[in-house]
Amino acid sequence: MAEKTGSLRDISLAVLASLIIILFAIALVNTMTISIPPQEQHRWLSWEFLTSTYNWAVKKTWAASPEVVTSVLWDYRGLDTVYETSVFFLAIIGGLMLVRNYHPGKKYSEKGMSLIARTITKITVVSVPVVAASVALHGHLTPGGGFQGGSIFAVASLLAIVALGSGFLLNRGWSKSRLLGFRTLGLIIIASVALTLPVIGLLDGVKAYVIQNQYKPWAPVSFGYTANIPFLGIILYSGTLVFLNLAEFLAVSAGLSLAFLIISLPREELKKSGGIE
Amino acid sequence: MNKALAVLGLIIPLTLLYIIYTGSYSLFELLLGVIVAIIVGYLFADAVVKHPGKIYNPIRWFWLLIYGLYYLTIIEAKAHWGVIKLIINPKKMNPGIVRIPYYVKTDYAAVTIANSITNTPGTVVVDIDEKNKKMYVHWIKIIDTTDEGARKHVSETFEKYASKIFD
């Protein structure tokens, strides 16, 4: 290749190749692809949700949140999401059971990748949780939420485990029991938010539902939807949604980080502890 | 104490990241951002910031600005032009891997040099030897194969600025 470079043949071949690519691209765009126009009509189901979740005029069916997905997840089918969170919790417990005999020593290996990868990963590891927190805190306003934020947070843990060695997290106190504690704390907050209104309803002698969010004419209890904070103005927090999102964020962050830490435990040491063959 | 200073130093960059990602600029968001930054700083600050005093040194920030401008305009343009010439006339290509020593002390300075080398077209850091402070650089047109000679052509400018910013 080196001896005949820059010759007329090479140049004409390059021009020919680019012409063919351009022709194929034009042909593909013009004939083979089906253009998808922006949808102008909603189906009845999406129309139902779009016109009810943030409809200030019909407050008996609203969720006080402009974000439809979060409204469905934590309000309309909130109990389902609570069960999902519990199932995930049990999965983590099951994972822990597999390594229950493992009682590691004091110091863990912090041998990761090269200097460059380690340094850049450290910067990423502080940046990712900030983005995760933003996603979780605005779950009731913009696409996102507790599970999504928690998953993003877990990416930081995964990056740290792979690039910095699992010792990076373990040596700074991310132990099994502590992470499980935060996982449980998240679940406890979810459970208490779900049960607050029924308890209030019971005390007041009015009807109230488990994991109810907004006021209903036949169940007159509510978490409210806006807060007027001095100097900061009126903040929309959408009732239970923001609390549930935060609790889910805590639970998923800790749970997934714990799962990744369990996966990263060295097989040799697990064998030594007698947990696996 | 050291950790508290490190957390304090991280508040501004992390809050800025939070605000940029959120895309909303009210006072309430700022407050939330600061709280998030403090929590994240509490979790990880000591790993990222080893010498918090350096964050508060405006001279380092000044050099970072100068280096950023100089690197993104003049150095990048020169490197691109060099590679363009090689593409037009590939006979002059002389690829290979050279060993380049570096003399900076901190990790950040070494990574700045390595990434500056990689980001300019024509040179890529293949591996880094932390113990002996050597980088192995793939160079598309080797001019000098000795360690010091290669360093003079490839990384001397980067190293000068990196040591001013991070060391």
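What order do the strands of the open sheet in chain B have? I looked this up in a predicted model, and the three strands go β1-β3-β2, with antiparallel pairing.

**Sheet in chain B**
I checked the edges next: β1 (96-101) and β2 (123-129) each pair on one side only. On average, neighbouring strands are turned by 30 degrees against each other, direction ignored. I then followed β2(B) across to β3 (residues 134-139), and six bridges join this antiparallel pair. One spot I clicked on was Ile128(B), whose bridge partner in β3(B) is Met135(B).

**Helices on the sheet**
I found α4(B) packed on the sheet, where it touches β2 and β3 of chain B. The direction of α4(B) makes about 150 degrees with that of β2(B). Helix α5 (residues 147-154) of chain B lies across β1, β2 and β3, at about 90 degrees to β1(B).

**Where the chains touch**
I looked up the contact and got 27 residues from chain B and 23 residues from chain A. On the chain B side, α2(B) brings the largest share, ten residues. That side splits into 21 nonpolar, three polar and three charged residues.

Key:
Residues numbered from 1 in each chain as written. Chains lettered and ligands numbered in written order. Predicted model: local features only at pLDDT ≥ 70, side-chain atom pairs only at ≥ 80, totals over all residues. Contact = placed C-beta atoms within 7 Å. Helix = DSSP H or I, 4+ residues; strand = E, 2+ residues; numbered from the N terminus. Nonpolar A, V, L, I, M, F, W, Y, C, P; charged D, E, K, R; others polar. Pairing = 2+ DSSP bridges. Axes fitted to C-alpha atoms, helices over the stretch in contact; angles between N-to-C directions.
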